[in-house]
Amino acid sequence: MRVSQDEFVGHAESCLAVNPRDARNLLGACIAYGDEGETRISAYASFDAGASWHSLGALEDSANGRDPTVTFDATGRGYVCANTDDLHVWRTDDSGRSFSAPVLATRGHKLDHPWLAADPSSGPPSTTHLYGAWTGPDNTQLEFGRSTDAGRSFEAPRAISTVSGPREANFASPMIAAGPGGTVHAIYGVWPPLPEGLPRPEFPAPIRVISSLDRGATWARPVGLGTGAMEIRVRPDTNGLGLPTVVAHRHRHIAAAAFVVRQPDTPFADIAVCLSRDQGRTWTAPRLVPRAGDDTFYLQPQLAIDEAGRLSLSAFAYRRGLVDVVVMVAEPGTARFGRPASVTSRPFDPAQSTLGGKHGAWWIGDYQGLASAAGRIHPFWNDPRSGRMEIFTASLSSTARRAGISRPERPVR
């Protein structure tokens, strides 16, 4: 189903969340492009589990918006966060029918790729915690900021990890997730010094998670999960993206992280998943999910977890110049994924994107959306099949796609 039925000429970097108080209520956001290339943040809401969608248009004061993320708190209030050169957060108290004026979370100081998560704990609405993570300035440190009053105000941000040593030049593309008992996890990649120009060369990137057990007041030392491929050369003039992702169960101490790996001299890229069951103190060794094919690059993985602890994973599967959206489902509480199932009715050509060559000949966003609840999975992605980049979604059963789920995991070598 096409979501974006609006006046914008392009859409990218989609994100989606499901209301924990009402699984039929979905809230999405993305970058929206105007005729002259100007950007806003547009939002979309569904009240019938994705069967129909309502466009809220551009959010107030979202000019130059990018890197949007979406989350719900335990009371059912929704939030959209985005980089507008400053960091702004919009709140909805009516399931996405309207939004309040944005709140300034921090002034811009060359921040990049912010991500927002709401504490899942139930308590007085006035004390709801929101957690944000981003890189800055100039990607030299991982920064954290939080609100303790449901997004009405934000504390001053602080660095929770910094680059060190000659092999570390930049932190890149953090994502944050919140679990029970004040647990917060932030995942990110570490980039080496890179030459100027695009597309950048492929390079190995250490993937790390840093965790807090006290709602972000203090942070443990970062834990290395493995080596990822955050940019993958899919054709001589273009890189695809494989940014890391993290998710946490709202009520159980289960967290999962996923990132793209590429073995040397192979014509494919895999996705590896790690689990933590002790609030991020330790993580399992990375395990590969079933591969779509030996000539297929997995790009842009995204994780979601439902009430039963069942992980779902979506990705772009790039093969022979075309892209399919695929979804995999794991047994509850495990990373044993079944084989990928194609969501798209037909693959699309990413070269049809009209958004420019941010990473080479074409660009189809940095990440895609995914949400799961009440036995349904909702991938939420940008797709240029119509001739311009639009947002599409689907609603899938999380239990009907478990055929082959016991297929053995393959270890990363």
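1. A polar contact is a pair of N or O atoms within 3.5 Å; within protein, one atom must be able to donate a hydrogen and the other to accept it, and residues adjacent in sequence count only if both atoms are side-chain atoms. By that rule, the side chain of His249 reaches the backbone nitrogen of Arg252 at 3.0 Å.

2. Ground rules. The model is predicted, so local features need pLDDT of at least 70 and side-chain atom pairs count only at pLDDT 80 or more, while totals for chains, interfaces and linings use all residues. Residues are numbered from 1 along each chain as its sequence is written, and side-chain values use heavy atoms, with hydrogens and water left out.

3. More on His249. It sits in the loop between strand 19 (245-248) and strand 20 (255-261). Strands here are DSSP runs of E, at least two residues, and helices are runs of H or I, at least four residues, both numbered from the N terminus. His249 has 4% relative accessibility and therefore counts as buried. Buried means under 20% relative accessible area, exposed over 50%, and partly exposed in between (1.4 Å probe, protein chains only). Leaving aside residues up to four places away in sequence, His249 touches Ala178, Gly179, Pro180, Ile254, Ile305, Asp306, Glu307, Ala308 and Gly309. Contact means heavy atoms within 4.5 Å.

4. Overall build. The protein chain has 31 strands and zero helices. Its C-alpha trace spans about 55 × 45 × 45 Å along the principal axes. Of the 413 residues, 61% are buried. Among contacts between residues at least 6 apart in sequence, 55% join residues at least 24 apart.

5. Cores. A nonpolar core is a set of buried Ala, Val, Leu, Ile, Met, Phe, Trp, Tyr and Cys residues joined through side-chain atoms within 4.5 Å. The largest has 54 residues; Val80, Ile176, Ile187, Leu225 and Trp283 touch the most other members. Apart from it lies another core, of 50 residues, among them Ile254, Tyr298, Leu311 and Trp381. In soluble globular proteins, nonpolar side chains tend to be buried together.

6. Strand 21. All seven of the seven residues of strand 21 (residues 270-276) are buried, so this strand is largely enclosed by the rest of the structure. Asp270, Ala272, Cys274 and Ser276 point one way, and Ile271, Val273 and Leu275 the other way. In a regular strand the side chains alternate between the two faces of the sheet. Seven bridges join strand 20 to strand 21, running antiparallel. In that pairing, Val261 has Asp270 as its bridge partner. Two bridges join strand 21 to strand 22 (residues 287-288), again antiparallel. There, Val273 is partnered by Arg287. Two strands pair if DSSP finds at least two bridges between them.

7. Four strands run in the order 5-6-7-8, with antiparallel pairing. Strand 5 (66-72) and strand 8 (103-106) stand at the edges, each with a single partner strand, so one side of each lacks a neighbour in the sheet. Neighbouring strands are turned by 25° against each other on average, direction ignored. Axes are lines fitted to C-alpha atoms, and angles run from 0 to 180 degrees between N-to-C directions. Three bridges join strand 7 (residues 87-92) to strand 8. Leu87 stands opposite Thr106 in strand 8.

8. Backbone points to check. Most residues other than glycine have a negative phi, and most peptide bonds are trans. The bond from Gly136 to Pro137 is cis, with omega near -20°; Pro137 lies in the loop between strand 10 (130-135) and strand 11 (141-147). The bond from Leu198 to Pro199 is also cis, with omega near -5°; Pro199 lies in the loop between strand 14 (184-191) and strand 15 (205-212).

9. Positive phi. Asp85 has a phi of about 80°. Asp85 is in the loop between strand 6 (78-83) and strand 7, and at 42% relative accessibility it counts as partly exposed. Gln279 has a phi near 65°. Gln279 is in the loop between strand 21 and strand 22, and at 18% relative accessibility it counts as buried.
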